[in-house]
Amino acid sequence: MYSKYREFTISVKLLLAGALFILVPVRGTCQANLELYFSKLKQLRFEDAREIAGTERDTALRAALIGHADLLLHAGQKESRYFESSAMDSISVGTRSTLSVVKLLNKGYYSLFYDQRKGDAYKNFYQAYQNAIPLNEPALIRACIFAMLRYYGFEIAQNSDFYEPYLDQLERFKEDQYDELWIAIYKTIFLSKA
């Protein structure tokens, strides 16, 4: 009985979320949805981000966004087999789209959380960042910057300043108090490594 109530509640939330996005003017490919989605992620409101992703009309992008939220929610604390499909999604070489950026981020996070060497994490995050810049979608660019900073945060043993350009860019792209909080957190992490 409880599970049917929960299913009904989630369905109503998704319906209401979908109705709200009809009223929001959308620039480009679901840019308003992306801004809200990534905003919820940086607030660590993963279930809200999943609900927003569930309203995406493009089924491939919807799956990638939901997988992205799940990867960040579990951050290596759930068996890797649950996320292998996100990490194995193929990306056409030279494709610069929102979908390719999210898929590259997913591959990078999978490597960061589940691969001992983590070298592919950097490669995928950097490629996602390079693909996001020409799309000129601040939410995607910020998501890539957060990914790079998280990568450098994981590489505690390294005492380098390679993270600084990304931290500087996040300061330029900051839009709210959550960005300021994350900047302070990353500054603390990197200063503690010095």
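Student: Which class does Ser-80 fall into at 25% relative accessibility: buried, exposed or partly exposed?

Tutor: Buried means under 20% relative accessible area, exposed means over 50%, and partly exposed is in between (1.4 Å probe, protein chains only). Ser-80 counts as partly exposed because its relative accessibility is 25%. Before we go on: this is a predicted model, where local features need pLDDT of at least 70 and side-chain atom pairs count only at pLDDT 80 or more, while totals for chains, interfaces and linings use all residues. Residues are numbered from 1 along each chain as its sequence is written, and side-chain values use heavy atoms, with hydrogens and water left out.

Student: Where is Ser-80, and which residues does Ser-80 contact beyond its neighbours within four places in sequence?

Tutor: Elements are DSSP runs numbered from the N terminus: helices are H or I with at least four residues, strands are E with at least two. Ser-80 sits in the loop between helix 4 and helix 5 (84–88). A contact means heavy atoms within 4.5 Å. Setting aside neighbours within four places in sequence, Ser-80 is in contact with Tyr-110 and Tyr-114. Look also at Asp-115: that residue is 35 residues along the chain from Ser-80, and their C-alpha atoms are separated by 9.6 Å.

Student: Zooming out, what does the secondary structure of the protein chain come to?

Tutor: There are 10 helices and zero strands. Read from the N terminus, the elements go α-α-α-α-α-α-α-α-α-α. Of the contacts with a separation of 6 or more, 63% are between residues 24 or more positions apart.

Student: Which residues have the most contacts inside the largest nonpolar core?

Tutor: In soluble globular proteins, nonpolar side chains tend to be buried together. A nonpolar core here is a set of buried Ala, Val, Leu, Ile, Met, Phe, Trp, Tyr and Cys residues joined through side-chain atoms within 4.5 Å. The largest one has 49 residues, and those with the most contacts inside it are Tyr-37, Phe-38, Leu-41, Leu-105, Tyr-109, Phe-125 and Leu-149. Two or more residues each come from helix 2, helix 3 (46–54), helix 4, helix 6 (98–114), helix 7 (119–135), helix 8, helix 9 (164–173) and helix 10. Helix 8 gives this core its largest share, 12 residues.

Student: Which residues does Leu-105 contact, leaving aside its neighbours within four places in sequence?

Tutor: Click on Leu-105 and you'll find His-68, Phe-125, Ala-128, Ala-143, Cys-144 and Ala-147 in contact with it, with those neighbours left out.

Student: Now take Ala-132: buried or exposed?

Tutor: Ala-132, in helix 7, is buried because its relative accessible area is 0%. Not counting residues up to four places away in sequence, Ala-132 touches Val-101, Glu-137, Leu-140, Ile-141 and Cys-144.

Student: And Asp-70, buried or exposed?

Tutor: Asp-70 belongs to helix 4, and a relative accessible area of 17% is why Asp-70 is called buried. With residues up to four places away in sequence left out, Asp-70 touches Arg-50 and Phe-83.

Student: How do I read the largest pocket, and how much space lies in it?

Tutor: On a 1 Å grid over the protein atoms alone, a pocket is an open set of points where a 1.4 Å probe fits, with protein on both sides within 12 Å along at least five of seven lines; lining residues have an atom within 4 Å of a point. Its volume is the space filled by probe spheres set on the points, which are joined across faces, edges and corners. Here the largest pocket holds about 300 Å³. It is lined by 18 residues, and the closest to its centre are Leu-41, Lys-42, Leu-72, Tyr-109 and Phe-146. Helix 2 (31–42), helix 4 (59–74), helix 8 (138–154) and helix 10 (177–193) each supply at least two lining residues.

Student: Which residues have a positive phi without being glycine?

Tutor: Most residues other than glycine have a negative phi. Leu-44, in the loop between helix 2 and helix 3, has a phi near 65 degrees. Asn-136, in the loop between helix 7 and helix 8, has a phi of about 55 degrees. Asn-136 counts as exposed because its relative accessibility is 58%.
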